Amino acid sequence: MPPKIQQKSKEQKMAAALAGGKGKKKKWSKGKSRDKVDNKVLFTKEQWDRLHSEVPKMKLITVSSVVEKLKINGGVARRALRE
């Protein structure tokens, strides 16, 4: 068996831990932040007219495409497409 090594006291261990250190702490990335869109939750007269004129001419009609085109909320777009 190897010879027993003298243990450090608690104060010595604490001082060593405080004196040492890795330098700077790792900085976690904040992730990708999306811009908050402010879509309307009610139709204006102009938007309602645009819905009836532009949407039937679209190649693919989805809730997402209507939301992008008219800048309305997803729930409003879903209800509008059902009508």
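**Exercise 1. Which helices are included in what covers the buried residues of α3?**

Start with the ground rules. This is a predicted model: local features need pLDDT of at least 70, side-chain atom pairs count only at pLDDT 80 or more, and totals for chains, interfaces and linings use all residues. Residues are numbered from 1 along each chain as its sequence is written, and side-chain values use heavy atoms, leaving out hydrogens and water.

Step 1. List the elements. The protein has four helices and zero strands. Helices (H or I, at least four residues) and strands (E, at least two) are DSSP runs, numbered from the N terminus. The order from the N terminus is α-α-α-α.

Step 2. Find the buried residues. Buried means under 20% relative accessible area, exposed over 50%, and partly exposed in between (1.4 Å probe, protein chains only). In α3, Ser 65, Val 66, Val 67 and Leu 70 are buried.

Step 3. Look at the cover. It includes α2 and α4.

Step 4. Of the 83 residues, 14% count as buried.

**Exercise 2. Describe how α3 packs on α4.**

Step 1. Two packed helices are described by the angle between their axes and the distance between the axes. Axes are lines fitted to C-alpha atoms, for helices over the stretch in contact, and angles run from 0 to 180 degrees between N-to-C directions.

Step 2. Read the values. The axes of α3 (residues 63–70) and α4 (residues 74–82) come within 9 Å and cross at roughly 115 degrees.

Step 3. Name the arrangement. α3 is therefore roughly perpendicular to α4. The classes are: under 35 degrees roughly parallel, over 145 roughly antiparallel, 65 to 115 roughly perpendicular, the rest oblique.

Step 4. Name the residues. Val 63, Val 66 and Val 67 of α3 meet Gly 74, Ala 77, Arg 78 and Leu 81 of α4. Contact means heavy atoms within 4.5 Å. By class, there are five nonpolar, one polar and one charged residues.

**Exercise 3. Is Gln 47 buried or exposed?**

Step 1. Gln 47 is in α2 (residues 45–54).

Step 2. Apply the cut-off. Gln 47 is buried, because its relative accessible area is 12%.

Step 3. List the neighbours. Leaving out residues up to four places away in sequence, Gln 47 touches Lys 40, Leu 42, Leu 70, Lys 71 and Ile 72. Lys 71 follows α3 and has a positive phi, near 55 degrees.

**Exercise 4. How many aromatic pairs does a search of the whole structure find?**

Step 1. Count. The search finds one. Rings of Phe, Tyr and Trp (its six-membered ring) pair if their centres lie within 6.5 Å.

Step 2. Classify. Phe 43 and Trp 48 are edge-to-face, 5.1 Å centre to centre, with 70 degrees between the planes. Planes under 30 degrees apart count as stacked, over 60 as edge-to-face and the rest as tilted.

Step 3. Phe 43 is partly exposed at 25% relative accessible area. Trp 48 is partly exposed too, at 29%.

Technical notes:
Nonpolar A, V, L, I, M, F, W, Y, C, P; charged D, E, K, R; others polar.
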